[in-house]
Amino acid sequence: MRVAVISDIHANLHALTAVLAEVDGERPDAIWCLGDLVGYGPRPNECCSTVRTRADLGLVGNHDLVVLGQVDVTEFNPEARRAVAWTQGVLNDDSRRYLAGLRPQATADGVELYHGSPRNAVWEYVLDTEAIQAAFSHSNAKVILIGHSHIPIVAHLTGHDVQAAHAPESTEADLGDGRLLLNPGSVGQPRDGDPRAAWLLLDLDDGRVWFRRVEYEVTRTQEEIRGAGLPEALAERLAFGI
Ligand code: ZN
């Protein structure tokens, strides 16, 4: 079983389209999405309908939940809040219904999936050693998939030893006889200094993982952000992957 894992699309349709074109070239058996389909970006409805059509499994993220009014917007910074208000104004009933039917965690084929982490499925950023160790100890799965931080990460647990690192393009990992915690990075708003859209290919039979990056037309999404009247900083950061 080979799975393409995507996360944190953030209404960036051009990034999503480019990723799915590359995913299709790999002919995976399934596509799994770890949440945050909307927020920050200019094309929330198209991203919801694309993920609804294409993903075999989808999670809801904190940005989706805040747009649905299910979590408090005061948790967000001012730019994100402006994007939340804008998204609430344009989100159609189909998108709303789709997002409202998703959960922030799931299990599939022995893999555990969380938007945030096993300890806090919605909000936790798993970036430091303590959070990575806690993620392993709050789960029994051999493979744990997380999103939310927009930073691609690979963490390997063998015995009590955790090896964790940023996972730039071309990073590969092997499950071996240990366990893996994987964050594919973000499709629509990468934050690791590489502006290309991120995704992950996972082979569950061989226990192998490949971190992938895809170029997309950043300027088209930037123009749409400006056209929508969303904060300029949300357009600018896409060029730098921050
Ligand atoms: Zn996100």
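Q: Ala, Val, Leu, Ile, Met, Phe, Trp, Tyr, Cys and Pro count as nonpolar, Asp, Glu, Lys and Arg as charged, and the others, Gly among them, as polar; how do the residues lining the largest cavity divide into these classes?

A: This is a predicted model, in which local features need pLDDT of at least 70 and side-chain atom pairs count only at pLDDT 80 or more, whereas totals for chains, interfaces and linings use all residues. Residues are numbered from 1 along each chain as its sequence is written, and side-chain values use heavy atoms, with hydrogens and water left out. The lining of the largest cavity consists of H10, N12, Y40, G41, P42, G188, Q189, T221, I225, L234 and L238, and by the classes above it divides into five nonpolar, six polar and no charged residues. Helix 7 (218-227) and helix 8 (232-240) are the elements that give two or more residues to this lining.

Q: What makes a space count as a cavity, and how many of 30 Å³ or more are found?

A: On a 1 Å grid over the protein atoms alone, a cavity is a set of points where a 1.4 Å probe fits but cannot get out, and lining residues have an atom within 4 Å of a point. The search of the whole structure finds one cavity of 30 Å³ or more, and the largest cavity has a volume of about 50 Å³, a volume being the space filled by probe spheres set on the points, which are joined across faces, edges and corners.

Q: Why are strand 3 and strand 9 called edge strands?

A: Strands are DSSP runs of E with at least two residues, helices are runs of H or I with at least four, and both are numbered from the N terminus; two strands pair if DSSP finds at least two bridges between them. In the open sheet of six strands, with order 3-2-1-11-12-9 and mixed pairing, strand 3 (57-58) and strand 9 (172-174) each pair on one side only, and are therefore its edge strands. Strand 2 (residues 30-33) and strand 3 run parallel and are joined by two bridges, and the partner of C33 in strand 3 is G58.

Q: Why is H150 called buried, and why is R27 called exposed?

A: Buried means under 20% relative accessible area, exposed over 50%, and partly exposed in between (1.4 Å probe, protein chains only). H150 has 1% relative accessibility and therefore counts as buried, whereas R27, at 70%, is therefore exposed. H150 lies in the loop between strand 6 (143-146) and strand 7 (153-158), and R27 lies in the loop between helix 1 and strand 2.

Definitions and conventions: 1 Å grid on protein atoms, 1.4 Å probe; cavity = no way out; pocket = protein on both sides within 12 Å on 5 of 7 lines; lining within 4 Å. Nonpolar A, V, L, I, M, F, W, Y, C, P; charged D, E, K, R; others polar.
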